[in-house]
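Dear colleague,

I am handing over the structure below, and after it I have set down what was found when its atoms were examined. Please read the notes with the coordinates open beside them.

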Amino acid sequence: MPRAESAAPLGTPVLRSPLLSALKELAASRTLRLEPDVPLRVAVVAVERYLAPHAGAGPLGPGDSYAYDLTVTDGISRVKCHLRPGLNRLVHTLSLRSGAEVRVSRLSLVHDERRLHQSFVRVEDLECCPGGESAVLSSVGSLAALLVWPADDAGNSASLQPDGPLRLGRKHYLSLWNNEDAYGPIWSPGASPVVVADASKICLLSDLEAFFARSKRPFPLLVRVMHKSRLRYYGKPNLAIDFPYQAYFEVADQSGTMSMVLWNDLCLKWYQRLTVGAVLYLEQYSLKSSYQHRSRPQVSAHLVAFHSTEICLNPHSPTAVLSIVPPQNVKPQWRLPDVTYRFTPRTEVEHLSSNQTVDVIGLVTFVGRVERVRNRGNTIPEKYWTYRWVHALDGTSDSPFILEIFASSQPEVFDSICPMTYLVCTQMRVCREPGSALYLTSSAETQIFTTGHHRKQPYLSDPQVKAFIQWTKTLKDKLMLRRTAVGGYYCYPPPPPSFTPSTDGESGQTQLVALDDLKVELESLQYREHKRLAIQGHITAVRYHPWPGQITEPSQADQSVSFVPDLVVPGLEDRDTVSTDGIQSLKRKRRKPNKRQMKCHYMTRLQVRPESEIQEEDSGESEAEEEPDCHGLPNEIRPAEPADKEPGAHAEDGPSSSTRRSADPASALWESSMWPLIRSGVSEHLSTTALQQESMAESFSYDDRELLCQKFNLHPAKWNPGERLVQDPFPTPVDHNGHYTLTILSLNQKTAVDALFLPILSVKNPRAAGMSWCFHDNSLLSCLASGHLCPPPNSDQPIEMTYPPPDEVMLSAADLEGERVVCVLDLCLLGQDRVEMICSKIYKTKDIITQGNSIE
């Protein structure tokens, strides 16, 4: 680790580090405070999270149990700083992130009075700069080459601690966006020593209950790992345990199966080593009564399950001794059972009931973006679950497996799920929702495997896996590529045909909230958090926005791809990546998005920017043309007003406004007769009207696969010089010609909100999977109620269907006049101030039958 004061070699130019100079000035300050005359321009190298020592009280406040350390650099030196708790919201919204540039305006030096010569720098105030990767990082080739802030002459230590948090009381960092994934070098497993198990002095699992009843220390065990759970972090603010982790394993021998629990420090050393199929020799373990209220994996019917007692592997009292027996040393006479699977074809899943457990294998056709959902209840510390939706085909049905895959403590696998790869998911639970097709969701014991992770897995010899491999050999790559997509707005299951009101959000039903409270819900969202809510009101305006221009590029049918299976089966070669032999180098001509399409902001009527500022932002758009006479258009449909107007707002009186129109004649706007009369009385108008790139499912391309994975995974905690952020090209959307903006007015006419509606046009759209297609009259009201446009009456399958143009759909907008509706909204904070708010379905309140309290 280089020292900042070390002399440079002769002839080497000495670069002045503004950050280093500021830190020296801070260390010499008698007030322990520093406000630079010019804010420090630095780049964020890492944002790392840990449980705060005294969360839920003091400066952190309720509902924020975590602290953050930042590593920043000016391109010459670097330092790790603690972030003042009042700035945590910047991390929650991804305004403060790795790779970004910030301007630090206030620093302080904090001494740890319970330890000698220990102190750290705290960032008291900073400003996040807009844009992508910081220009400061362009000159950084290696983080190790940067100068590090050292101990100063006064004996204070403000040094960079590479592995642990700065604040006293915590010894490790958590993953930035969830608590299930292992994070940091402390989790790197070492090599397991080779052991010779003495099978003559072992006991069987069936004997343990007797040992436990007599409080006798049992003999060693020789068992095989059959199932493995994800990590569980059970840390709490005042819990004095350095590494509060727990993981369950189901182990088996010839007598049956039993749960084994790995505790605390042992998780760091052994969790990643203990893979399914491994054979263990266990000594100095303890026994305790089994916890009965946890989920359990479905085990083979040929094995007896012992559920009253469980094996505990503790780091002390006693210290458990674990040994992994190498596969070549496992003897047949031990009669250890083989790992078994229940691979279930897609056609047979249809006949299973809810909560049954299956294993599946499929070819991935769609991968959704990674999202987060808040754990229900007021838990401390608050927790978020990380998940993504995936579609996979297995050849037994035209319908894909619809998989809701939660983080399973396998971040390297979870982040690498990609279309056109083989995916194996074990211990998935069947879910059935009223009015929608079934889907499969993760259990606590789910393990996932994809390209590069299939080697040596026990399922390779399973007959269903071999049959799947044979099916993939019959596929035509160009045809399969046409069925692939990645990212975009996706929420499953879709809202049910009938609406059941809920006001607590705990019953599993969509929570009904007052539109006046929607602002609070939006402000509480964290990065990639998804939330579904329902509001009631009147739709007072609808605007149609056409897709901005055509994208010229070769069709996916022209892409020649060599499709090579990556599973290890007899006669097949194992590969870590999908083969790209034969892929042509495609030069795409993409339309450059204008600034209004790239930016979305959340605002109230009192925060609308000045007209001149908006016009400067739109200076690159085509000039407005003269507007024809719109009087007499049926159902009050007229060309939409200029793009710089707020959706649903009238143009001002005067020649300049009356002669302007949208640059695209396909745009259209409908307003109810009541909207002009009450618009001025609306006190707050929430708007997130711009369609974001992340909201659209995109066509998958091998050339762009790394960029697409980066785009739809969560933002990384650390900046990597070898993986610089690439500017995102304009996407190639799937099944998208345009979208609608709905202006919804509250029943009390005090608040209005603009929400997007993205109609489904065909089964090419990933959201069409599992959806019940119904025939309707293609009126706007019917489209909003069903979520899709209607296929032709004589069409059995809505494939390549023709659908009415938007102007025909908008002709029926007058049906919304005076109609009181319930709108189901899907909210997601995509990062910074980019809020996605999409209406997935509406219900006419007169059709809603309620029990007890009526919403009429």
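**Around Ser98**

The side chain of Ser98 reaches out to the backbone oxygen of Pro716, at a distance of 2.7 Å. Please bear in mind, here and throughout, that this is a predicted model. Ser98 sits in the loop that runs between helix 2 (88-92) and strand 5 (101-111), and with a relative accessible area of 4% Ser98 is buried. If its neighbours within four places in sequence are left aside, Ser98 is in contact with Val44, Val45 and Val47, and also with His715, Pro716, Ala717, Lys718 and Trp719.

**The chain as a whole**

The chain has 16 helices and 32 strands, and of its 856 residues 56% are buried. Among the contacts in the chain with a separation of 6 or more, 73% are made by residues 24 or more positions apart. The accessible surface of the chain comes to about 38300 Å², and carbon and sulfur atoms account for 50% of that surface.

**Cysteines**

A search of the whole structure finds zero disulfides. Cys774 is in no disulfide, and the nearest cysteine sulfur, which belongs to Cys790, is 7.1 Å away; since its relative accessibility is 33%, Cys774 counts as partly exposed.

**Backbone details to check**

The bond that joins Ser317 and Pro318 is cis, with omega at about -5°, and Pro318 lies in the loop between strand 14 (305-313) and strand 15 (321-325). The peptide bond from Tyr492 to Pro493 is also cis, with omega near -5°, and Pro493 is found in the loop between strand 23 (485-486) and strand 24 (511-512).

Positive phi values come next. Ser409, which is not a glycine, has a phi near 60°; Ser409 lies in the loop between strand 19 (401-406) and helix 6 (411-414), and its relative accessible area of 11% makes it buried. Gln427 is not a glycine either, yet its phi is positive at about 55°. Gln427 belongs to strand 20, which covers residues 422-431, and Gln427 is buried, with a relative accessible area of 6%.

**A buried tyrosine**

Is Tyr459 buried or exposed? With a relative accessible area of 0%, Tyr459 is buried, and its place is in the loop between strand 22 (448-449) and helix 7 (463-472). Tyr459 and Tyr341 are 118 residues apart in sequence, while in space their C-alpha atoms are 7.0 Å apart.

With kind regards

Technical notes
Residues numbered from 1 in each chain as written. Predicted model: local features only at pLDDT ≥ 70, side-chain atom pairs only at ≥ 80, totals over all residues. Heavy atoms only, no water. Disulfide = S-S within 2.5 Å. Buried < 20%, exposed > 50% of the residue type's maximum accessible area, 1.4 Å probe, protein only. Helix = DSSP H or I, 4+ residues; strand = E, 2+ residues; numbered from the N terminus. Polar contact = N/O pair within 3.5 Å; in protein donor to acceptor, adjacent residues only side chain to side chain. Contact = heavy atoms within 4.5 Å. Areas by Shrake-Rupley, 256 points an atom, 1.4 Å probe, with all protein chains shown as cover.
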